[in-house]
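Have the model open as you read.

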Amino acid sequence: MLVYQLFLRLVDRLPMPGLKAQRRFALAVLLSQALIAVTGSVVRVTGSGLGCPTWPKCFDDSLLPIPQDEVPWWHQAIEFGNRQIAVWIVVTTSIAIVLAVTRARRRREILVYAWIMPASTFAQGILGGITVLTGLRWWVVGAHMLVSCAMVWIAATLYAKVGEPDEGTEIETAPAGARRLVSISAAVMALALAAGVVVTAAGPHAGDRTNPKAIDRLDVSIPLLTSLHGVLVATYLGLLIGAAVLIARGPSTPAVRRRLRIVFAVVAAQSLIGIVQYFTGVPALLVVLHVAGAMSVIAETALLYRLMAARVVRGADRPTDKVAA
């Protein structure tokens with residue numbers, strides 16, 4: 001408690017950030033979390049996962065990449081670059097949002113969500129180190145990816161909450177049944193993401209091109225796994241369609257309806273990428289685009305879910321949430 005009081009005194013010396021600045025910091029957090037997932041996929045499809053074969057250094061005797069006959073320079077550059085993005089962009093934005101909302105004395109739940117970002121980033125860094133030190137075992141790599149997915153959801157929720165007024169009460173801005181369907185769809189989406197990670201574990205991109213046969217791979221039928229992934233995606237989409245029907249029939253805000261349309265658009269684009277990717281032999285570029293699409297689907301679904309229960313200023317008769325509108 002004493003340490004936190006000291007922290008508050010130090011933060012009080014910073015300029016007071018306005019709501020617009022806080023929203024920008026929150027957006028930067030969301031984008032950085034999505035970015036590190038996408039650059040991680042670049043590391044994988046280029047076979048640069050062991051471009052820096054140790055951790056936290058790049059090599060046992062060097063923090064930086066050094067010329068090595070066994071490890072081509074471009075693999076080192078890609079893996080080391082991904083680590084630098086994690087350090088200088090993800091960590092910086094995570095710290096910035098904590099300082100901004102603490103200085104602004106935002107409500108407790110916003111502070112909790114903000115503190116989750118640097119804490120989870122630190123944990124993700126440790127998991128990334130374990131990924132390298134275990135030689136890119138498929139289940140560790142998969143866990144690393146799924147944690148990134150969870151962090152994107154949390155960051156999107158934080159982004160929405162930062163734009164809400166601290167005073168007031170929370171009301172439903174869409175039919176309760178629709179919100180329940182969206183929450184169930186989020187759970188199914190998580191299963192679809194896990195299935196997608198398993199497909200990658202059995203697919204052609206081992207993560208290390210210098211010695212791919214030494215990488216632990218999942219020996220399971222890819223058509224079977226992709227079928228499971230497809231069924232889960234279809235179920236997720238079906239639940240969203242059900243929510244859309246309830247929203248069309250019941251009262252809802254324009255922001256909810258607009259966000260729902262955006263969700264359908266990104267899901268359609270993501271599905272198209274996935275289909276093309278499967279029938280073209282999983283080219284590296286489409287893998288990266290598919291990961292970027294997954295991050296978009298996660299973020300948009302999180303924003304939709306949050307918009308369906310908005311905070312209202314006391315005495316107001318309508319939601320004042322403008323963040324995701």
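At what angle do the axes of helix α6 and α9 cross? Keep in mind that this is a predicted model. The answer is roughly 160°, with the axes of α6 (residues 176-202) and α9 coming within 10 Å. Angles over 145 degrees count as roughly antiparallel, so that's how α6 runs relative to α9.

**The α6 and α9 pair**
- The crossing of these two helices, α6 and α9, is left-handed.
- On the α6 side, the contact is made by R179, V182, S183, S185, M189 and L193.
- α9 answers with A294, V297, I298, T301, L304 and Y305.
- Sort the residues of this α6 and α9 contact by type and you get 8 nonpolar, 3 polar and 1 charged.

**The second largest pocket**
- This pocket holds about 190 Å³ of space.
- It has 13 lining residues, and the closest to the pocket's centre are L30, L31, A34, S296 and A299.
- Helix α9 (284-307) turns up here too: α9 and α2 (19-45) each supply at least two residues of the lining.
- As for the make-up of that lining, 11 residues are nonpolar, 1 is polar and 1 is charged.

**A look at I273**
- You'll find I273 in helix α8, which covers residues 254-279.
- Setting aside neighbours within four places in sequence, I273 is in contact with L286, L289 and H290.
- I273 and W73 sit 200 residues apart in sequence, and their C-alpha atoms are 31 Å apart in space.

Technical notes
Residues numbered from 1 in each chain as written. Predicted model: local features only at pLDDT ≥ 70, side-chain atom pairs only at ≥ 80, totals over all residues. Heavy atoms only, no water. 1 Å grid on protein atoms, 1.4 Å probe; cavity = no way out; pocket = protein on both sides within 12 Å on 5 of 7 lines; lining within 4 Å. Points joined across faces, edges and corners; volume = space filled by probe spheres on them. Helix = DSSP H or I, 4+ residues; strand = E, 2+ residues; numbered from the N terminus. Nonpolar A, V, L, I, M, F, W, Y, C, P; charged D, E, K, R; others polar. Axes fitted to C-alpha atoms, helices over the stretch in contact; angles between N-to-C directions. Parallel < 35°, antiparallel > 145°, perpendicular 65-115°, else oblique. Left-handed = near helix turned anticlockwise from the far one by under 90°. Contact = heavy atoms within 4.5 Å.
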